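Q: I have a model open and want to learn how to read its features. Can you take me through them one at a time?

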Amino acid sequence: MSKSDVRALKRDGTLRHPYTGVYALRALEERADERQLLRSSVMAAQLALGPHSFAGGETAAHLWGMQGLPPWDGHTVHMVIPALGAQRHHHHVTLHSWQVGPEEVASVDGTIRATTPDRTLRDTVLRVGRAAAVSLLDSALHQKLILEEGLEELEAANNGRKGCVRSRPWWGLADGRAESPLETRVRLICTDGGLPPTDLQHRFFDADGRTLAITDFWWEGLRLIGEADGLAPHSLPEALAKDRKRQNALQALYPGVRIARFTWDDLKRPGYILSVIARSGRR
């Protein structure tokens, strides 16, 4: 296509021009979901920044599917590139000049370059708060993106970096049994309040020894089950019916057991979560 052809496609809205020399087809973007749009934005940034650039930090965490961060804002991507001072800055691109070895860069789905999961965690944990950091660590462990035995080494590799002292205790709080950021955050509130759960993903069995239920939290001494109910999965009619059926079966076979349920809204009131657990212990 000639330059005039490109200008005409830009004028009629067929092409979007995010960066110099980079174009995107609006028709494809309009049909894309959030993950596809993120991938498109990273690919555009890579084209604009050159072959040595790659996604890092929060953007790499999203690309690897780690949970625990706020939703992507739909615009900003974090990119890593050497010789940052020699590069032109681009709108909606946050540039980092971290020293990243070639073994710490991998391909996501064969097309996008990003820091490896372990390097992604090292960088991102330094930049976010405690709850988000532990949620990311839990998620990476749960998805087997990293191994538990490697956590100590990853934490030590951050020595000397800004934020390493603040984040040092967080690595030891990671638990790959947590299946969602809500579970992680409820667990942290309970631990901070002196009421850590005895077990996570605790199994209850029926009379024939078959698994009746797997619960998010279990306090053995209090005979208390805790469930973290995210709005999306637990608000559907089928999920509600399944939860009720499971709860009725549990209370029929384990009459001395109580069940407490917590939602995202409850995180705004840590004292409420702790009081529910404490009251259960006094009954």
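A: Start with Arg122, which is buried, because its relative accessibility is 10%. Buried means under 20% relative accessible area, exposed means over 50%, and partly exposed lies in between (1.4 Å probe, protein chains only). Arg122 sits in helix H5. Helices (H or I, at least four residues) and strands (E, at least two) are DSSP runs, numbered from the N terminus.

Q: What kind of model is this, and how are residues numbered?
A: This is a predicted model: local features need pLDDT of at least 70, side-chain atom pairs count only at pLDDT 80 or more, and totals for chains, interfaces and linings use all residues. Residues are numbered from 1 along each chain as its sequence is written, and side-chain values use heavy atoms, with hydrogens and water left out.

Q: Which residues does Arg122 touch, apart from those up to four places away in sequence?
A: A contact means heavy atoms within 4.5 Å. With residues up to four places away in sequence not counted, Arg122 touches Glu104, Leu154, Ala157, Asn158, Arg161 and Trp171.

Q: How many salt bridges does the structure hold?
A: A salt bridge is a side-chain nitrogen of Lys or Arg within 4 Å of a carboxyl oxygen of Asp or Glu. The structure holds 19 of them.

Q: Which residue forms a salt bridge with Asp123?
A: Arg161 does, and the closest N and O atoms are 2.8 Å apart. Asp123 lies in helix H5 and Arg161 in the loop between helix H7 (151-157) and helix H8 (164-167), so the pair ties together parts that are 38 residues apart in sequence. Asp123 and Arg161 are both buried.

Q: Where do Arg16 and Glu29 lie?
A: First, the bond: Arg16 forms a salt bridge with Glu29, and their closest N and O atoms are 2.8 Å apart. Arg16 is in strand S1 (residues 15-19) and Glu29 in helix H2 (residues 26-30), so the pair ties together parts that are 13 residues apart in sequence. Arg16 is partly exposed at 26% relative accessibility. Glu29 is buried at 16%.

Q: How should I read a pair of packed helices?
A: Two packed helices are described by the angle between their axes and the distance between the axes. Axes are lines fitted to C-alpha atoms, for helices over the stretch in contact, and angles run from 0 to 180 degrees between N-to-C directions. Angles under 35 degrees count as roughly parallel, over 145 as roughly antiparallel, 65 to 115 as roughly perpendicular, and the rest as oblique.

Here, the axes of H5 and H6 come within 10 Å and cross at roughly 170°. H5 and H6 are therefore roughly antiparallel to each other. Leu121, Thr124 and Val125 of H5 make the contact with Ala133, Leu136, Leu137 and Ala140 of H6.

Q: At what angle do helix H6 and helix H9 pack?
A: Helix H6 (residues 130-142) and helix H9 (residues 181-192) pack at about 125°, with their axes 9 Å apart. That makes H6 oblique to H9. On the H6 side, the contact includes Arg130, Val134 and Asp138. On the H9 side, it includes Pro181, Arg185 and Leu188.

Q: How many residues apart in sequence are Ile146 and Asp118?
A: They are 28 residues apart in sequence and 6.3 Å apart in space, C-alpha to C-alpha. Ile146 is in the loop between H6 and H7. Ile146 is buried, with a relative accessible area of 7%.
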